[in-house]
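Please study the sequence and the structure before reading the solutions.

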Amino acid sequence: MKLSFLVLIMPLIMPLCLSAQTYEVTGAVKDRNNEAVGYANVLLLQVSDSTVVQGASTDDSGRFVITNVQPKTYFIRASYIGSTSNLIAVDVRKNTSIGSIIIEDSSIDLEGVEIVVRKPTVVRKSDRLVFNVENTIASLGNSWDVLRKTPGVIMVNEQLKIKNQTPIVYLNNRKVQLTNAEIKNLLEGVSGANIKSVEVIMNPPASYDAEGGPILNIITSKNITPGYKGSVNGDFIQAIFPKYNFGTSHYFKTEKLSVFANYSISPRKEYKDNNGYINFIDDNGVFARWQSTFNRTTRSAAQNANLILDYAIDDRNTFNITSNLAVSPNKTFDNISENLMRNAQNMLDSTFISASKLNIDQANLGIDLNYVHTFKKEGASLALNAHYTDYYLEQDQFVSSDYFDSTNNFTRNFSFLTQSNQNIEIYTGQADYLDTFGKLSLESGAKFSNINSRSGLDYFNVTGNTQTMNVSLSDIYDYDETVFAGYITMVQNWDKFSIKAGLRGEQTNVEGKSMSVVETNVQDYFELFPSLYLLYNQSDNHSFSFNYGRKLSRPKYQDLNPFLYFLNENVFNQGNPNLRPNFSHNFNFNYTYKGEYFLDVYYRDNGNFISTLSFQDNQNQTVREVRQNVLESTSYGFDFTYIKSITNNWFLIGITSLFHEDETFLAIESGNIPVTNEVEGVFLYLGNNLTLSKDGTFTGELGLNYISKFLLGSYVISETTNLTFGLRKTLWNNRATISLSSEDILGKANGTLTSTYLNQDNSYSPRPETQFIRFGFAYNFGNFRLKDSKRTIDKIERDRLESN
């Protein structure tokens with residue numbers, strides 16, 4: 001406990017620093033014709049790594065003033081709507097006037113027409129890969145498009161994946177607290193022109209929670225210009241059913257106060273079919289063959305509202321309130337399945353048709369309070385955060401199955417009803433301190449979190465109009481989790497070499513109690529999570545890096561509920577209160593040549609990974625899906641990425657990935673025999689981003705990706721191919737944008753999942769609406785050239801709120 005105590009009190013013993021004299025830097029911004037440029041951005045940059053220190057904007061006459069500047073040598077640069085000046089060195093030892101900064105266009109000449117478009121670049125840092133897209137061809141789309149173009153990111157079953165791990169999406173270092181589908185909808189409504197870069201963090205450093213996988217951090221341009229802007233946007237999607245999205249956002253900033261408000265609604269009707277088979281096996285082989293056809297129609301109208309308020313108390317103290325509210329009232333699932341049951345000779349024995357209706361009401365409220373103090377010593381700051389989440393889910397399900405004999409005569413009916421609810425409250429508090437000592441940076445912090453979840457399920461057998469509670473299938477489950485954490489990170493930079501090392505400690509106390517089985521699950525453990533990042537830039541052409549991190553995966557709250565959720569009486573999902581946290585070791589070696597060729601070799605020991613496994617009970621002829629800790633799991637592979645501007649108006653990303661995935665788990669319906677499920681696969685991606693007009697306002701995209709096969713728990717997914725195409729046109733001096741895109745043109749984006757081993761043999765082919773055409777429109781009003789200040793609530797605890 002001495003070691004855990006030292007780790008947790010580290011932020012309390014970091015030194016505070018003395019004040020220093022500050023000065024002003026003044027000047028003017030002009031264009032190549034010596035005319036003043038109003039509302040241009042002027043930034044002071046660190047000489048060592050070109051990171052932004054301070055900024056200001058010019059007034060109507062092109063003049064600017066940057067105050068409270070520490071005495072030091074800086075670079076200064078001005079920019080305005082894609083045009084930038086050269087870097088100018090300025091030595092600040094007193095109030096300094098630098099005269100005029102001339103903005104020069106980074107331009108491309110296309111048959112005499114000049115447009116401002118720069119090439120995307122990829123920079124390898126010690127702990128992350130940075131894809132710089134600001135004012136480039138790659139940014140001429142929405143934010144979702146930019147993520148899909150980011151090196152190392154692939155699409156599998158409508159989800160973003162990085163080396164078969166689902167990444168956590170951050171926006172300006174704050175976690176986007178939405179489901180995967182909601183994140184996609186959100187980012188499709190945010191212009192890629194607002195994105196400065198995307199950071200791919202395979203092994204997040206110690207300042208991030210130990211829980212979680214890789215991170216995609218979207219960095220937007222900073223807001224430094226006062227004023228008001230707003231926007232409205234909408235999408236029309238034609239798949240099997242039409243779908244709509246509508247949103248509006250408003251942003252207002254004064255010298256001290258900035259307010260951002262956003263609202264969106266997504267009325268949707270979605271269809272999914274799923275055909276499959278189950279071969280039930282005994283000692284003599286297959287004795288029953290079931291074929292099923294499953295159709296689901298979902299209706300929803302999810303709504304999201306955000307309010308962000310920033311207030312600068314003075315030059316060194318800022319206060320922020322961030323609130324997010326997501327509601328999904330009366331979401332319905334209408335399911336119909338037809339099952340043909342045949343004997344070993346493939347002769348029809350009987351048929352049953354199941355109809356189920358699921359109604360969901362869901363609400364998720366999150367509130368953050370943030371305070372940041374910047375000390376007079378350069379690079380020193382203290383940040384405090386308090387957070388609260390209130391999550392509520394109410395779910396009712398009715399299932400009715402009619403059975404028929406081989407001659408289609410009705411034989412019997414089986415019906416049941418379930419009513420469930422869940423309420424989760426999350427409280428967290430966090431403190432982070434940052435200081436610099438020359439080229440050495442130190443960061444430390446501490447965090448406390450408490451999560452309380454209470455859920456219940458009532459199961460009723462239904463006969464005619466009579467409902468009878470089935471106590472054996474009903475339950476109340478209470479879950480309480482408390483985590484204390486502390487971390488310290490050190491960064492040291494030399495001319496060609498840099499090192500970043502961190503250590504995080506977490507003390508976790510868990511108690512889960514099931515009323516039906518009178519069982520209490522208690523966990524009490526302290527764990528350390530080291531991280532190490534090495535970077536060596538041999539020259540401008542050659543860069544090498546290595547990183548290692550130990551990570552943690554905790555069970556989702558709903559996965560711990562020992563409840564049963566039914567598609568019909570023979571197919572259901574089951575919770576597992578005995579799930580244990582999982583610890584993994586992640587290794588990456590990277591080589592970069594000329595910023596265009598990237599080699600990544602990785603190995604991941606996933607440990608007792610929490611996987612989704614499916615088992616068929618041959619005796620009772622049921623199939624259940626459970627979350628279970630596997631015995632062991634490993635992943636390794638080799639990625640090669642090529643990024644190149646082939647011509648001035650053609651930007652290309654090509655990726656080839658060779659990978660291995662395996663999971664060894666207990667086959668609980670096969671005598672608890674260990675079984676290893678593994679694949680060797682290949683992933684290929686080719687993305688083309690094109691400028692189709694001389695003025696750069698008309699762009700296009702053509703993408704193709706292929707995956708030979710993939711591992712998903714006890715299933716192997718067959719090969720998939722996805723061909724996409726899109727066009728985008730800006731109008732009215734960039735105030736409006738229209739877009740047209742098509743997904744899954746070949747109809748091969750969905751694979752078949754098959755599980756075949758020992759006495760298990762089943763398969764299904766899910767077919768959601770991946771083939772569609774989308775038409776989008778967005779209009780900006782007010783001073784729409786202001787940069788965004790969008791943020792979301794950054795809580796790993798909220799990520800474990802599982803959404804339907």
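**Exercise 1.** In the hairpin of β41 and β42, which residue takes a positive phi?

*Solution.* This is a predicted model, in which local features need pLDDT of at least 70, side-chain atom pairs count only at pLDDT 80 or more, and totals for chains, interfaces and linings use all residues. Residues are numbered from 1 along each chain as its sequence is written, and side-chain values use heavy atoms, with hydrogens and water left out.

Step 1. Strands are DSSP runs of E with at least two residues, numbered from the N terminus; two of them pair if DSSP finds at least two bridges between them. Strand β41 covers residues 673–691 and strand β42 residues 698–707; nine bridges join them in an antiparallel arrangement.

Step 2. Six residues lie between the strands of this hairpin, and Gly-696 has the positive phi, near 80°.

Step 3. Across the pairing, Leu-684 is opposite Tyr-706 of β42. Strand β42 is also joined to β45 (residues 720–731), antiparallel and through 10 bridges; here Phe-698 faces Lys-729 of β45.

**Exercise 2.** Classify the ring pair of Phe-404 and Phe-410, and that of Phe-414 and Phe-416.

*Solution.* Step 1. Rings of Phe, Tyr and Trp (its six-membered ring) pair if their centres lie within 6.5 Å; planes under 30 degrees apart are stacked, over 60 edge-to-face, and the rest tilted. The count by this rule is 27 aromatic pairs.

Step 1. For Phe-404 and Phe-410, the centres are 5.9 Å apart and the planes form an angle of 70°, which makes the pair edge-to-face.

Step 2. For Phe-414 and Phe-416, the centre distance is 5.9 Å and the angle 55°, a tilted pair.

**Exercise 3.** Over which ring does the charged end of Lys-269 sit?

*Solution.* Step 1. The criterion requires NZ of Lys or CZ of Arg within 6 Å of the ring centre and within 35 degrees of the ring normal.

Step 1. The ring is that of Phe-241, with the charged end of Lys-269 at 4.2 Å from its centre.

Terms used
Helices (H or I, at least four residues) and strands (E, at least two) are DSSP runs, numbered from the N terminus.
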